[in-house]
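Look at the sequence and the fold together.

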Amino acid sequence: MTGHPPSVERALSAPIDLNGTGHYVHWGVVQLSVANLVVIGVMLVVFVAAVLLPFPRRRGRG
């Protein structure tokens, strides 16, 4: 008990139970946790978006 009201404790707690065992994906000798795989996927999406989206341009040259 931390002394905080239950609503504050619930708001500050992790949305996923982090005390359990991790989930892993296996590809031969490669083993990745699902959490790391999600982070890698998000990084790839941000990289592709950064490459494909155009830079903002000025309206007029002056």
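S33 is buried, at a relative accessible area of 17%. The cut-offs are these: buried means under 20% relative accessible area, exposed means over 50%, and partly exposed lies in between, with a 1.4 Å probe and protein chains only. This is a predicted model, in which local features need pLDDT of at least 70, side-chain atom pairs count only at pLDDT 80 or more, and totals for chains, interfaces and linings use all residues. Residues are numbered from 1 along each chain as its sequence is written, and side-chain values use heavy atoms, with hydrogens and water left out.

S33 sits in strand β2, residues 30–33. Strands here are DSSP runs of E with at least two residues, helices are runs of H or I with at least four, and both are numbered from the N terminus. Setting aside residues up to four places away in sequence, S33 touches H23 and Y24. Contact means heavy atoms within 4.5 Å. Y24 also stands opposite S33 in the strand pairing.

Now widen the view. The chain has two helices and two strands. Along the sequence they follow the pattern α-β-β-α. Of the 62 residues, 2% count as buried. The chain exposes about 6,500 Å², and carbon and sulfur atoms supply 66% of that area. Accessible areas come from the Shrake-Rupley method with a 1.4 Å probe; for residues, only the protein chains shown count as cover.

The strands come next. Strand β1 covers residues 24–27 and runs antiparallel to β2, with four bridges joining the two. Two strands count as paired if DSSP finds at least two bridges between them. The hairpin of β1 and β2 has two residues between the strands, and G28 takes a positive phi near 65° there.

Stay with the pair and take V25, in strand β1. Its bridge partner in β2 is L32. V25 is partly exposed, with a relative accessible area of 22%. Beyond its neighbours within four places in sequence, V25 is in contact with V30, Q31, L32, V34 and L37. The C-alpha atoms of V25 and L37 lie 8.5 Å apart, although 12 residues separate them along the chain.

Q31 belongs to strand β2. Q31 is partly exposed, at 48% relative accessible area. Outside four places in sequence, Q31 is in contact with Y24, V25 and H26.

V34 lies in helix α2, residues 34–52. At 36% relative accessibility, V34 counts as partly exposed.
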